[in-house]
Amino acid sequence: MSYEKINFKDYPNVDTPIDTTNLNKMDQGIYDNSIAIDTLDKKIEKVNSNFKSIESTNLSETSETIDKILIDTTIENAGTYLLVANIPINFLGGTNRDISIKIYVDDVINQSSSYVINNNAYTVTFAVCKIINVSENGNLKIAAQNSLGVPYSISPFETQLIKLI
């Protein structure tokens, strides 16, 4: 419902009087807009409550072949989530490098992506965008594993977890 302006005219014109009809029309328009704004605020709060940002754990030590846990968190509310992360991997040497990024939901591997890097790049960013289903108080872990034993480290990063409506 859109609001139609009255377009008041200056005195002595009497086509647009300041009377109860016109004042009530303005009053109703102001009220309707305040309700619409309140409704939008509630929708924004709902969307914001479905967004969780997770910081990676301390990643300063160098790993070789063991799983390095990057994220380990509990999801309080069951549901379907969109998991988004950009994971910066810093290799410390070697020309053939192989790394796997693993996503565990409730201790079950939900996705495992392996990457082989055969060039001189020493820093590679892996993009993760995955829809996951989590049980109530479920556990989410993201881990990295290097099967070739080339030392690597991971810079701190942030993961976004968005509950889909």
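Select Asn137 to begin, and you will be in the loop that joins β6 (123-134) to β7 (138-145), in what is a predicted model. With the backbone displayed, check the phi angle of Asn137, which is positive at about 55 degrees although the residue is not a glycine. Switching to a surface view, you will find that Asn137 counts as exposed, because its relative accessibility is 53%, and the cut-off for that class is over 50%.

Next, select Asn7, whose place is in the segment before α1.

Show the peptide bond that runs from Tyr11 to Pro12 and read its omega: the bond is cis, with a value near 25 degrees.

Finally, go on into helix α1 and select Asn22, which lies within it. Is Asn22 buried or exposed? Its relative accessibility is 14%, so Asn22 counts as buried, given that the class takes in values under 20%. To see what surrounds Asn22, leave aside the neighbours within four places in sequence and display the remaining contacts, which are Ile6, Phe8, Thr16 and Pro17.

Definitions and conventions:
Residues numbered from 1 in each chain as written. Predicted model: local features only at pLDDT ≥ 70, side-chain atom pairs only at ≥ 80, totals over all residues. Heavy atoms only, no water. Helix = DSSP H or I, 4+ residues; strand = E, 2+ residues; numbered from the N terminus. Buried < 20%, exposed > 50% of the residue type's maximum accessible area, 1.4 Å probe, protein only. Contact = heavy atoms within 4.5 Å.
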